[in-house]
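Visitor: I have a model open here and would like to go through it. Can we start with how far to trust it?
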Amino acid sequence: MLCTFYNAKAVQGDILSKRADRRAELKRRYDFDCYCDLCEMNDEERLKIEKAREDYKVCDEAIQSNITNPKLAMKYVHDIFDIMKRGEIAFPSSIDRHAYDGFQVALVLGNKDLAMQYIKICCESKVLAYG
C-alpha cells in the first residue's frame, strides 16, 4: 500500500476529501490513479468514513471557535477523538494537535488528571511521527 501525502495540506485537504475529488486531484497533479484501501472499499463503508471525515472538519473548527468556553471545547475534543476513530484518521499530527488541545483545555478547567492523559497521548503521537 502506498501511504504518501502528496502535499503539505494533505491532512486537511486530500485525505479528508471525498473519493472522486481526491482521485481527480491526484490524476490532475500527478497523472496517478489511486487504488488505496479507502478509494477501493465498498460504498457503504467508504461513505461512513467520508461522513466521519466531514464531521471531523466541523468539530475541528468548533474546538477553535469555542476555546473561550472550555467546557464546550472539551466536549468537542472528546468528540473529535471518537470521530477520528470512525473516520480512520490516525495521523500522528492530527492526534498530537487534538491531544494538545485537550491538554490545554483540561488545564483551564483545572483537571490535572485529564491534562496528564492528553499530554501523554500527545507525546506518544510525537514519538510515532518523529521517532
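Guide: pLDDT is the predictor's confidence in each residue, from 0 to 100. This is a predicted model, and the protein averages a pLDDT of 84. At least 70 is the score of 87% of the residues.

Visitor: Where is the pLDDT below 50?
Guide: Residues 1-13 have a pLDDT below 50. Beyond near neighbours in sequence, that stretch has 23 contacts in the model. Where pLDDT is low, the predicted coordinates should not be read in detail.

Visitor: OK, helices. At what angle do the axes of H4 and H5 cross?
Guide: Roughly 155 degrees, with the axes coming within 9 Å. H4 covers residues 70-86 and H5 covers residues 92-108.

Visitor: Roughly parallel or antiparallel, then?
Guide: Angles over 145 degrees count as roughly antiparallel, and H4 and H5 are therefore roughly antiparallel to each other. The crossing of H4 past H5 is left-handed.

Visitor: Which residues meet there?
Guide: From H4, Pro70, Ala73, Met74, Val77, Ile80, Phe81 and Met84. They meet residues of H5, among them Ile95, His98, Asp101, Gly102 and Val105. By class, the contact of H4 with H5 has 12 nonpolar, three polar and one charged residues.

Visitor: Switching to charges. How many salt bridges in the whole structure?
Guide: A search finds 14.

Visitor: Where do arginine 28 and glutamate 25 lie?
Guide: Both are in helix H1, residues 19-30. Arginine 28 and glutamate 25 are three residues apart, about one turn of the helix. Side chains of opposite charge can pair when their charged atoms come close.

Key
Residues numbered from 1 in each chain as written. Predicted model: local features only at pLDDT ≥ 70, side-chain atom pairs only at ≥ 80, totals over all residues. Heavy atoms only, no water. Axes fitted to C-alpha atoms, helices over the stretch in contact; angles between N-to-C directions. Helix = DSSP H or I, 4+ residues; strand = E, 2+ residues; numbered from the N terminus. Parallel < 35°, antiparallel > 145°, perpendicular 65-115°, else oblique. Left-handed = near helix turned anticlockwise from the far one by under 90°. Contact = heavy atoms within 4.5 Å. Nonpolar A, V, L, I, M, F, W, Y, C, P; charged D, E, K, R; others polar. Salt bridge = Lys/Arg side-chain N within 4 Å of Asp/Glu carboxyl O.
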